[in-house]
Amino acid sequence: MSWIKDMISPKARKWEEFYRNRWQHDKVVRSTHGVNCTGGCSWNIHVKDGIVVWESQALDYPLLENSLPHYEPRGCQRGISFSWYLYSPVRVKYPMIRGALIDIFREEKEKTGDALLAWQNIQQDPQKRKRYQKARGKGGFRRISWDEALEIIGAANIYTAKKYGPDRVVGFSPIPAMSMMSFAAGSRFLQLFGGVNLSFYDWYCDLPNSFPETWGEQTDVCESADWYNSKFIAVMGANLGMTRTPDVHFFSESRHNGTKTVVFSPDFNMVAKYADQWVPVHAGQDGSFWMAVTHVILKEAHFEQKVPYFIEYTKKYTDAPFLVELNREGENYVPGKLLRANILEKYETAENGDWKFLNIDEKSGEFVCPSGSSGHRWQEKKGKWNIRFRDGETGDEYNPLLSLIEQNDEILQVDITRFDKNEKIKRGVPVRYVTTAAGKVAFTTVYDLMMAQYGVSRGLEGDYPADYEDSGSVYTPAWQEIYSGISAGTVIRFAREWYRTAQATNGKCMVIIGAGINHWYHSNLIYRSATMSLILTGCIGVNGGGMNHYVGQEKLAPVDSWGTIMSGKDWKIPARFQQAPIWHYIHSDQWRYDGNQADYNAVPKNEFSSQHSADLIAKSVRNGWMPFFPQYNKNPFDIVKEAKKAGASGSKEIQQYIIEKLKSGDLKYSVNHPDEEVNFPRVWYIWRGNALMSSAKGHEYFLKHYLGTHHNEIADEVAKEFVKEIEWKEDAPEGKMDLVVDLNFRMDTSALYSDIVLPAASWYEKADLNSTDMHSFIHPLSAAIPPVWESKPDWVIFREIARVTSELAKVHLPEPQLDVVNLPIAHDSKGEISQREIKDWFAGECEPEPGKTMHNMVTVERDYTKLYDRFISLGDNVKNGVGAHGTSFQCDDFYEGLLSDKKHTHTVDGKSYPSIKEDVEAIDALLQLSSLTNGKLSERAFVSAEQNTGVDLSNLRPKNNESSVRYKDLLSQPRRLLNSPIWSGLMDNGRAYSAFTLNVEYLVPWRTLTGRQHFYLDHEGYIHFGENLPTYKPSPRPELYGDLRKSVNEGRAKLLNVLTPHGKWHIHSTYGDTLRMLTLSRGMEPCWLSEKDAKELGIKDNDWVEVLNDNGVYCTRACVSSRIPSGICIVYHSPERTYSVPKSPSRGNRRAGGHNSLTRVHLKPNLLVGGYGQFTFHMNYWGPVGVNRDTFVFVQKMNQVNF
Amino acid sequence: MDIRSQISMVFHLDKCIGCHTCSIACKNTWTDRKGAEYMWWNNVETKPGTGYPGKWEDQEAYKGGWEKNGDSLKLKGVGKVKGLKKMFHNTHMPTMDNYYEPWTYQYEKLFDSPEGDDQPTAEPVSLVTGEKMTPKAGPNWDDDLGGSPEYARNDVNLKDLSPAERETMFQLERMVMFYLPRICNHCLNPACVAACPSGAIYKRGEDGIVLVNQERCRAWRMCVTACPYKKVYFNWHTGKSEKCILCYPRLETGQAPACMHSCVGRIRYLGVMLYDADRLKEVASCDEKDLVKKQLDLYLDPNDPEVIAAAKTCGIPDSTIEAAQKSPVWKYVKEWGVALPLHPEFRTLPSLFYVMPLLPAMAQINDDNNYHNVGSALWDDMDNPRLPLKYLASLFSAGDTTIIGNILKKLMSVRQYRRAVTVGDISWDDVDKIMLESGLTPDVAEDIYRLTSLARLEERFVIPPAHREEAIEMMEETHIHKGSTGFGFMKKPKRGL
């Protein structure tokens, strides 16, 4: 073995310096990636020679409990590739503008000598406008100076505000948590301007509507360390290895600690590899599986075994013991609304008696009115909003009766609709009667209704299943086989393993769920079906339990103070927050291509459920359920001027004036006339996101109707025969947008199609903050190097836009303007108890009362000459307190504290304000004013929560309440967040955050109608749409969904369901264009096909294919794999059009698009309702979501490839 | 005894995510430059699959590693002598087709295309020719079983499976895949060292890291052929071979190698192993069936007083012995016997070890076209693994399925034990039975669980201090070095001497 002699000669080894030299670097700086992945990973950025050379993960997160694995390292293949972007050829280095636009602008500027007049001349000349709109996306970029770019932007702002109103200026930026100050920069500018922020969580279809439905919460989930506390994990629609890369070790480590794991997924994917069992459920059919699981749980664990932990939990924390009236429809009985307390003489005079509910006391058999309902929350007398077993009116203790099975007046046969067959069946339910002013009312408990719904007969008569093998009866294990493709035996075994684990551990079973479920049309129902199995086994609000939804859910932890800064609330202005799905559905004219939803949505037949989605949107807007901007077919400045001219003074009279004008038809809602020029959105800011591609459901419709450039959509406009309220114009407008501005560090598709691209500083070049719900730390972005070339941080760019806008205003709009802002009825406000019934004031069904039966209207002064001053100063409305989610607290002393640092103040109109001109100043203000990062404020927030609930929360206050972190502290180490009642999980002593532990352990109510977790949703709209009880609805059929009316299969294509889950080589579109990710993947985003489908189509691995439907086409290469089932294909979210996309032979040899070329939005209308408990609007919290999973396409081989 | 120390690594395959963060950490630091584009010192392969370079395990084609030659060994392909004959025509070298043609995109088109009638896009162009190209292969082309007809079914390790057994693995419901991260094995019997005509490759005495001296390398490329793992790459720009250096500049400063530091699945463990170099030849040339056992026997118990005494005699510092006593690799490989070397039959005595992956239980699609459980409860189905034992045996035990089966059983026992402790829904009788069968005691089960699930970086990464001051002292005075290190001219990598 002579060849392995030691090499010890030091001289011979001197060459080893070669690699040592490479390793040596000059400094290491902490930052992270402000990308929409919820990872929130702390990184060390290595700088050598003034150049960022590589990044490596920071390993210094504070420790949690010793029994938990540590959070280190965090970071994935994508994050570690980021440094490539900094100096890459795809980096935007200078402000860019399309030549076609700058030429016209310079010409007009030369003529008029004025930027605003130049802009006006362009916009008022249809040919000039068309000229540059047609050129969008087609090359011809030119470098311009910052000054010139800003001048054009400022001119467009003022021109639009003056001519049409500021609500035609909109902005889109997603998921603030990833770089919260960069988000706040744009939103603060927009809100101070009177512009509109588009929501994102719902638009992305990441908002799980079932969370507000069940818990009155947007999303609240455990941090990933808590997976380790679980003893049974079911994963569905979430590919943890792929998308939760930095967290998945907790999953595997949990397995080696004796946890059982089951993965549901149609394809054998990265996380399936980890599981004890992989269940290849048919795509989108998970709901049927879980309905049957709940059937088994209810039958065995609840009815037969009456497992004490489950029964007690269900009584205490759910609406199961609440009473529901049964209404007579002809000969039949159907479940109706929850019984209200004030139907009884005993509670007749209770405050908010319409919003207090009833239970029956087990012992006395008498009615009780449980405390903790929304009526108690919003009543004058505080302290009754808790979920103790106490009558909220009398204070008497009680123990609720869960079921009337043993104490009833009669068994009634109740109609149960099974939507898989669209038929009604009858099942016996025990009822009692109560005599009210309205007569004799039959009622039962929610629990009894569920037993009937799920088919657990308990010896009652009716169309109940005989046993588990009864496949003809809904929700049995055998029934679900036809939909899920999974045997009844599998369901039964799963259900037993599930509830036995929950029983043995007091609720340590969890579901991890994601986009693979949430993007289906009926996602809310699939979620509810799994949630049932969790709640009924006491797995919510328990460490190791929970419905843990991870997709786009990034948690902005210090939302209290951040919310103030980003919305301009410090200047006491109302914010224009727009629910994006309805906005895009209407403005990008996708509604025109949509048939009647009732044709593809499984709904009972009634007047409400048979309307076109667009009509229901119009109703939701005027009723104050949903916002819509622009508001009216008139400039709001002019409306107020005219109102004043007509003698209105004060906001009440202005409101009245507007109502009269609406009634007379002199003034119209924009939403009813979206294709009138006056109602177009005009100026669009895009930052931190890819609004025109990866976020653009109906991308080709965006290109056509927003941009007016080339598109590949061939769909029929079919809505004409259905819509009644929305005005139909024969020719849909193309090119609604005057100006699209994109802030970006890379040339992505949105940048490529924008008019102006502003070079943004990247995540290693600016200061910012990052938080997530995957962990419980807050940590910074910081500048390892200054912004490269001419790029600037978003905070600075929007500050500059504010500056030039103010300067132009001094000339063109110097007088303060009065604006009127329409606000929908808001969640966590008294508006939650405003609309007991659906009544349309416009149809004369009730009186128009702003903020009650209709939206609110608030007048506010806009002085554009002061816009910049306000942007850079923190207004003194902060002194009135900050808060979130219904909890607020005083912080005037900390505001004064900021003010006392004279070096960091500004004077506006002679008054001094804390400066937030610099990003770090804004960050420090945020940290000092949040209950998550300032111990004193956490304490105050708990005191405030105690007053609201009457519950003693004193031992949750932080022990060291002095701590207030600063930006510089975070640079040295990420900090764990403090306990705060604005969130629901407890984190003391290194305990892992798990949602709703505060509610379960301290009896703090959920923010729902009853204050409990809701199985039953008694909103009229839900009853009309057949979703009051958890149910199974079949997926929309492709022939009715309408994405394939025009496209024909000429015999060489195959109809497939296209799935677009999150991919391995990108976070949405980011990183997907980096050479590193492209090299490690297929050099592009392929279309994954099963071997069987590929064979039928004559497609071999790496062949070019066209994926198309009426909406558009994507051209790519095939990836043929036996891990994909036949009948589906996968295009991972999200390709870009900017690399490696050839032209499409099927669409006239034009450049093909991306996966969103195949989508068009379909909205689920029952998600529009409002003004009712948890069904009340809040941005990104409630409203229809932009579903995309039910999309079908033809896939065919592409024989000719042309770039 | 000739006791030496070797830095070794364990990869816990059950924890591997297949994310490739390790590959990029390595690439960013070491091979992101001209001539090194195609080098992936660290890569991750989807198994079954053909890996990188394509079918690298097929030594009939590549002639890497050693073969038994009577009681001795010879290189399968080129050796110093054979190599001289093949100096100018090394027929078993992988070609660009076996690797891939590196490419980039015309990103600049997005910025500088003049206005046209359609949207510009960045087309792929070859980094070799500069011409437009359609990528047909890449360093990770069969990731997640992409294109299984061409890739997974051509996995060399399927050789012992019958056609029916093979096809079963590619039915959707019986599908299987796992990830195999690979770096240079820093072998105890490295074929690359033996094959180098210039003597440019050596094994460092203090830690066993195998390095290609960038000053002495003369571009013979015999190492490329000789390495059966295909982990030596030829830099076409500098004309030198390069390979994984186990991040010695990081190790020397007490930091984990980049691949390990960045391992977000926390699957990697690094530690010292002591071995008896006197026995290398005997072990490397033994019968194939004894290879695994004999290699494991080479490693010496660092807690054994005799070994400690002998190690001291051989000049092993106390700090190294202490590190070896805390070595997580020692625990996985020797104490618990749940980690095995990759392809021991290549006879290079690799220093990296792999803990076997557990995979989902089997299920089947019955005549009713529905998915059915196998077994009556989860974990009942341990004797029917999704991945055929023969397949794992081909990778990790030179064909011995018994040893693989035992390891899987041990890992499952740990889980059962912890289930009994944390949930209690398994009877202790059942747990005791399986523990006895797999040879575990509760203490050991607890230790395995802790190191697998709870270990922090400082437990996963245990190496002795490098004592750079002692190395530098051999060339110049350390206080002089302190003031002058880094001064001088930077030496750029380039062709020539």
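Student: Which residue stands opposite Leu769(A)?
Tutor: Pro780(A), in strand 26 of chain A, stands opposite Leu769(A). Strands here are DSSP runs of E with at least two residues, helices are H or I runs of at least four, and both are numbered from the N terminus. Keep in mind that this is a predicted model, where local features need pLDDT of at least 70, side-chain atom pairs count only at pLDDT 80 or more, and totals for chains, interfaces and linings use all residues. Residues are numbered from 1 along each chain as its sequence is written, and chains are lettered from A in the order in which they are written.

Student: How many bridges join strand 25 to strand 26 in chain A?
Tutor: There are 3, and the two strands run antiparallel, with strand 26 covering residues 777-781. Two strands pair if DSSP finds at least two bridges between them.

Student: And what order do the strands of that sheet take?
Tutor: The order is 25-26-33 in chain A, an open sheet with antiparallel pairing. Strand 25 (768-770) and strand 33 (975-976) are the edges, each pairing on one side only.

Student: Switching topic: how many residues does each chain give to the contact?
Tutor: Chain A gives 101 residues and chain B gives 104; a contact means C-beta atoms, placed from the backbone, within 7 Å. On chain A's side, the largest share, 8 residues, comes from helix 16 (residues 488-505).

Student: What about chain A overall, how many helices and strands?
Tutor: Chain A has 37 helices and 41 strands. Its C-alpha trace spans about 100 × 85 × 70 Å along the principal axes.

Conventions. Two residues are in contact if their C-beta atoms, placed from the backbone, lie within 7 Å.
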